[in-house]
Amino acid sequence: MTDVAHLENVTFSYGEQPAVTDVTLSIGAGEFLGLIGPNGSGKTTLLHLLLGLLEPDSGRIELFGQPVSSFDQGERIGYVSQGATDRAETMPVTVREVVRMGRFAHAGHSRLSEEDRTAVDAALATVDIVNLAERRIGSLSGGQRQRAYIARALASEADLLALDEPTVGVDAESRDAFYKLLASLNERGITIVLIEHDIGVVTDRADHIACLNTHLYHHGDTESFVESDALADAYGASGRIVQHHH
Ligand code: ADP
């Protein structure tokens, strides 16, 4: 089967500052990949490269088997950027309108069909924000907004969800519910790439882990990561491991 994403020898610098060095990584369909590493280790940059938001200095990137530079199936990708900020928040739009934007990839800016409306309703229900549909997006809490952006991706029938520290500023209870939601979407076959600083969340939820330190320093299934020295190497000395209790 075609990988959802494939990066080969990808390198990127901001001027003189190397951010991603020689990363080779494949993400298979249906995978839940946790992308971890210390601050400044290139996680966000790697995600931006993967989504075609940045162009690599060298190397090759494919999305769904297509070079990312000519990728034209944007509706297949849902991206939730860091800290729950989104351009929609500066606009006087409702949650339903934000989620409807997910359908424009299919419908263009013409009137939405009955099918589009059904997809919007279903997406709102899946992330459990039907009751917030007519609220202004800017008035929602961080966790609620993240759900709205996921609903937008679901409405567009995205099969890859990329999330960059989506629960920063979200309280512990909502956070747990949010990661349960992600797990259930993954069970439905949606591929997930998640940047998350809480290693406990990642080892609980992800089936694969990529550990960055500009270079890709460990990549494999979660079990082998937990059993390997990579965990202690990456987090032990700095005491950054956060235990996650059920
Ligand atoms: P992470 O997501 O792991 O915290 P980033 O990808 O944000 O890491 O950053 C990787 C490196 O690139 C860091 O050294 C950071 O300071 C630098 N960097 C990130 N964004 C920019 C930018 N827009 N301009 C210059 N340097 C940047």
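Visitor: Which residues surround the ligand?
Guide: Tyr 14, Gln 17, Ala 19, Pro 38, Asn 39, Gly 40, Ser 41, Gly 42, Lys 43, Thr 44 and Thr 45 surround the ligand. A residue is near a molecule or strand if one of its heavy atoms lies within 4 Å of it.

Visitor: Before we go on, what sort of model is this?
Guide: This is a predicted model: local features need pLDDT of at least 70, side-chain atom pairs count only at pLDDT 80 or more, and totals for chains, interfaces and linings use all residues. Residues are numbered from 1 along each chain as its sequence is written, and side-chain values use heavy atoms, with hydrogens and water left out.

Visitor: Back to the ligand. How far is Gly 40 from an oxygen atom of the ligand?
Guide: A backbone N or O atom of Gly 40 lies 2.8 Å from a ligand oxygen atom. Lys 43 places a polar side-chain atom 2.8 Å from an oxygen atom of the ligand. For Thr 44, a polar backbone atom is 2.9 Å from a ligand oxygen. A polar contact is a pair of N or O atoms within 3.5 Å; within protein, one must be able to donate a hydrogen and the other to accept it, and residues adjacent in sequence count only if both atoms are side-chain atoms.

Visitor: What percentage of the ligand does the protein bury?
Guide: The protein buries 59% of the 550 Å² that the ligand exposes when taken alone. Accessible areas come from the Shrake-Rupley method with a 1.4 Å probe; for residues, only the protein chains shown count as cover.

Visitor: Which elements give two or more residues to the shell around the ligand?
Guide: β2 (17-27) and α1 (43-50) do. The largest share, three residues, comes from α1. Helices (H or I, at least four residues) and strands (E, at least two) are DSSP runs, numbered from the N terminus.

Visitor: Is α1 buried or exposed?
Guide: Six of the eight residues of α1 are buried, so α1 is largely enclosed by the rest of the structure. The buried ones are Lys 43, Thr 45, Leu 46, Leu 47, Leu 49 and Leu 50. Buried means under 20% relative accessible area, exposed over 50%, partly exposed in between (1.4 Å probe, protein chains only).

Visitor: New topic. How many aromatic pairs are in the whole structure?
Guide: The search finds three. One of them, Phe 64 with Phe 71, is stacked at 6.0 Å centre to centre, with 20 degrees between the planes. Rings of Phe, Tyr and Trp (its six-membered ring) pair if their centres lie within 6.5 Å; planes under 30 degrees apart count as stacked, over 60 as edge-to-face and the rest as tilted. Phe 64 and Phe 71 are both buried.

Visitor: Why is the pair of Phe 178 and Tyr 179 edge-to-face?
Guide: Their planes are at 80 degrees and their centres 5.5 Å apart, so the pair is edge-to-face. Phe 178 counts as buried, at 2% relative accessibility. Tyr 179 is buried, with a relative accessible area of 2%.

Visitor: Which residue lies over the face of Phe 64?
Guide: Arg 76, at 3.8 Å from the ring centre. A charge sits over a ring if NZ of Lys or CZ of Arg is within 6 Å of the ring centre and within 35 degrees of the ring normal.

Visitor: Backbone next. What phi does Asp 128 have?
Guide: Asp 128 has a positive phi of about 65 degrees, although it is not a glycine. Asp 128 is in the loop between α3 (114-126) and α4 (142-155). Its relative accessible area is 60%, so Asp 128 is exposed.

Visitor: And where is Glu 157 found?
Guide: In the loop between α4 and β7 (160-164). Glu 157 has a positive phi of about 60 degrees and is not a glycine. Glu 157 is partly exposed, with a relative accessible area of 46%.
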